[in-house]
Each structure stands twice: as structure tokens, then as C-alpha cells.
Amino acid sequence: LDFPHPRSDLCTNSFHAKCVRSLILVIAVQSVCCMRTSFTMSKLLFLLMVAGPCLALDNGLGRLPQMGWNSWNHFACNISAKLIHSTADLMVSTGLAEAGYTYLNLDDCWAKGRDKYGKVYPDPEGFPEGMAALGEYIHGKGLKYGVYSDAGYNTCAGRPGSLGYEDSDAQQYADWKVDYLKYDNCHSETIDPRERYPIMTRALNRTGRAIFFSICEWGLDAPWVWAGPIANSWRTTGDVSKSWSRILYCLDLNEPLYAHAGPGKWNDPDMLEVGNTGISDLEGQSHFSLWALMKAPLLIGCDISKMSAATIDTLMNEEVIAVNQDPLGVQGHRTSKANPNGGELWQVPLSDGSIVAILFNRNDDLPINLTMSFMFRGASVDMQIRDLWQHKELGKFNEFSAIIAPHAVRMVKVMPVSKEGPHGEDLVGATTLLPFNLIFPTP
């Protein structure tokens with residue numbers, strides 16, 4: 001079927017939209033009756049929800065990975081309007097908002113219950129003026145307003161979930177002028193997520209308000225395969241935590257999924273732990289570098305009222321942020337691995353024809369010497385290299401070496417010195433130089 005674009009007259013005309021849905025239904029029923037396969041009801045429902053673009057998420061958001069702050073990693077359920085007000089103030093005064101961190105997202109525990117009409121309402125002690133007033137304050141600071149719910153009967157903390165209340169809750173968020181919804185996966189009674197999540201997609205579409213939709217399915221049912229039409233981002237992992245080993249766990253689950261990411265649809269290995277206890281400044285820098293290269297959402301998870309100078313320097317590195325926000329929208333990934341030394345080479349192409357490379361030492365104890373050579377069709381090529389953490393040009397190289405401390409990275413931007421290769425080839429292209437060669441290191 002050649003389905004229409006979501007914004008076309010065929011989709012906006014309710015009669016034609018119903019015809020498209022009816023046609024899908026006929027095809028699905030014929031598949032059940034004639035093929036006599038194990039075509040389940042859940043598959044039928046999923047087909048009806050997402051098979052055609054008329055039923056896809058239509059908010060125009062997420063062309064670049066989202067940036068902002070989320071309450072959960074540091075504050076968990078200890079949130080209130082007072083905290084959100086002070087965080088909004090600090091996001092502006094510290095320069096975080098100007099650096100691109102524009103979403104201020106409440107996570108779990110803001111909701112208290114439902115009224116007699118089924119409408120969700122906030123905890124009156126923490127949010128006595130209500131959620132609309134909170135949004136007005138956030139918007140008044142030039143920021144965007146995010147809230148949290150769950151595609152289950154309750155949230156992970158036992159607050160009201162949205163399962164069965166999708167239209168009511170979506171309209172409530174729109175009335176509060178919410179800009180972002182994180183949608184979790186607890187208490188779903190084993191209902192297939194491919195049934196539950198598209199219902200909220202359609203409910204958000206019906207409000208007419210553009211709300212960024214971030215689904216938090218934890219990667220259990222491979223959302224990178226099916227969530228592209230219905231969400232702006234999807235979690236690929238369980239929760240990150242204030243642990244270097246857990247950060248690596250999330251990193252390794254997210255890395256192989258690079259082919260599924262792109263503008264409007266991002267893999268999400270969970271929020272940043274930069275600035276939280278349990279993560280050293282050096283580890284925070286590596287964590288931030290790798291998340292930026294993978295085009296992961298950059299959602300701050302620390303108490304920004306207590307950020308150290310090192311945390312500020314990490315979170316506000318404009319050159320690293322620019323890698324994450326590059327409009328080419330390609331997720332970087334690991335291209336070489338040197339076991340058992342722990343050395344790795346990660347790369348991502350950018351829209352200006354350059355490549356950003358990360359030399360990464362996973363080793364817990366020993367520094368390692370990593371070398372990458374620049375070859376094109378068997379010939380050595382000179383590259384201009386810039387260090388994105390030292391903020392300086394390092395010079396021209398056809399081979400680049402660095403001693404990398406344990407848990408550390410060296411993040412550099414690499415651009416061909418000449419536009420032509422050894423045989424006249426065009427070297428300035430988004431994928432021409434991938435992959436560089438990692439020369440296996442020695443401790």
C-alpha cells in the first residue's frame with residue numbers, strides 16, 4: 001500500500017482516514033482467515049495502530065536529540081514545585097539553557113490520584129498551585145515543560161498510570177501546555193507494549209499540541225524495531241545508576257543499535273550521571289563524550305545547585321554538544337576493539353564532512369597507548385586534528401597516538417587536509433573515511 005503523508009489531505013480528511021483504516025482491517029482479517037497462521041490479536045492491533053502513517057506520531061519534534069534536565073537520577077520521589085522553580089532559575093543563570101538544555105522534565109511521583117471524572121491531579125503538598133501554574137513558571141524562563149506517566153495501571157512508584165486513560169491524560173497534558181512526555185513501562189499486566197504505546201501516540205496526536213514522546217520500555221521488546229513511527233525516542237536499556245559499571249552496561253546495549261537512530265527517532269541509553277556521587281570527574285567526561293557521540297539524549301540527572309567546576313565544564317562543552325546536535329543525525333558507534341587491553345575506537349560522521357573519533361580505555365588499572373592511522377584505499381592520508389576537550393588544534397597527522405588513562409577518552413575531530421585522495425577521490429564526505437584503523441596497543 002502506498003500510504004499518504006500524515007499531513008496530506010487524505011490523512012486529515014476523517015472519511016478518507018477511516019477508509020485507509022478499513023482497508024488495513026480487511027487485509028489483516030484476510031491474513032487471519034486465509035493464511036491460517038499464528039497471526040495473533042496483538043499483531044492485528046499493532047498493524048491497525050502503526051501500519052499507516054495516518055496513525056503515526058505527527059509532532060515534527062526531535063530532529064536533534066533532546067537536551068535538558070530530569071529529576072529522577074538525583075531526587076527520585078523528592079520533588080516539589082519549589083525544587084522545579086529553583087532548577088528552572090539555575091538552568092538559566094548557569095548558562096545551561098543557553099547551551100541547549102531546554103527541557104525541564106519532572107519524573108515519577110508528581111501525580112497523586114484521579115478525581116471523580118478520571119482526571120489525574122498532582123500531589124497537593126508538593127504542587128499546591130497545580131501543574132498549569134508550574135508550566136507557566138517554566139515557560140516564563142524560556143524553558144520547555146516535561147512530565148512523566150506510565151503505560152500501565154500505575155507508575156513505577158505506584159502513582160496513577162495512564163493505561164485506560166490515554167485520551168484524558170493526553171488532553172490534560174495539552175491543557176497544562178506540557179512539551180514532553182516520558183512514558184514508562186511498569187504495572188502493565190503483561191500487555192504487549194506494541195499495543196499500549198501506540199494508544200498514547202494517537203491520543204497525543206488528537207490534542208493538536210506538539211508533545212515530545214519519549215517511551216521508556218527499557219529495551220525489553222526491541223523498541224528500536226517498531227517504535228520509530230510512534231515515538232521520538234525510546235529507551236534501549238534498564239535504568240542507569242551512579243556506577244561506572246552500570247554506565248558501561250547501558251553503553252554496550254545501546255551501541256549496536258546505531259542503524260535504527262536518526263532525526264526524529266533516537267536510541268536512549270538513559271540519562272546522564274555526570275555530577276552525581278559515585279562517578280569521578282574523569283568518568284563523567286567519558287560518559288558525556290560517548291553519549292554525545294551516540295546521539296543519545298543529553299538529560300542532566302544531577303542537582304545543578306551543587307555542580308562542581310568540573311561538572312559545569314563537562315556539561316557545557318560546546319564542541320562536544322555540537323557533535324550530539326549535528327544535523328546529519330548519525331549515531332556513532334564502536335569501530336575497533338583491542339582485547340584484552342581495553343582499548344576502543346569510536347567514530348561518528350558529521351555534516352561538515354569531518355569525523356569525530358574517541359579513543360577509549362575501558363581498562364580499570366592501566367593506561368594504554370592507542371594509535372589510529374588514516375588510510376584511504378591503501379594509501380596514507382593527512383588529517384587535521386582538533387582536540388574537543390582541550391579546545392585546540394593539534395596539527396596534521398597521518399597517524400595519531402595518545403596515552404589514555406583508565407576509564408578516560410581522547411575525543412578529536414578529524415578533517416582531511418586535502419579534499420582529494422591519493423588518486424583524486426573526494427575525501428570530504430560523511431562516510432568516506434569510516435572506519436579509521438586502530439593499531440592494536442600495548443600497555
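Cys 77 and Cys 109 form a disulfide, with their sulfur atoms 1.7 Å apart. A disulfide here is a pair of cysteine sulfur atoms within 2.5 Å. Cys 77 sits in the loop between α4 (72-75) and α5 (81-93), and Cys 109 in the loop between β2 (103-105) and β3 (111-114), so the bond ties together parts that are 32 residues apart in sequence. Helices (H or I, at least four residues) and strands (E, at least two) are DSSP runs, numbered from the N terminus.

This is a predicted model, where local features need pLDDT of at least 70 and side-chain atom pairs count only at pLDDT 80 or more, while totals for chains, interfaces and linings use all residues. Residues are numbered from 1 along each chain as its sequence is written, and side-chain values use heavy atoms, leaving out hydrogens and water.

Now take accessibility. Buried means under 20% relative accessible area, exposed over 50%, and partly exposed in between (1.4 Å probe, protein chains only). Cys 77 is partly exposed at 34%. Its partner Cys 109 is buried at 4%.

The structure holds 2 disulfides. Cys 156 and Cys 186 also form one, their sulfur atoms 2.0 Å apart. The torsion about this S-S bond is about 90 degrees, so the disulfide is right-handed. Cys 156 lies in the loop between β5 (144-150) and α8 (166-175), and Cys 186 in the loop between β6 (180-184) and α9 (193-207), so the pair links parts that are 30 residues apart in sequence. Cys 156 is partly exposed at 36%. Cys 186 is buried at 15%.

Cys 216 is in no disulfide; the nearest cysteine sulfur, that of Cys 156, is 7.0 Å away. Cys 216 is buried, at 1%. Cys 302 is buried, at 1%.
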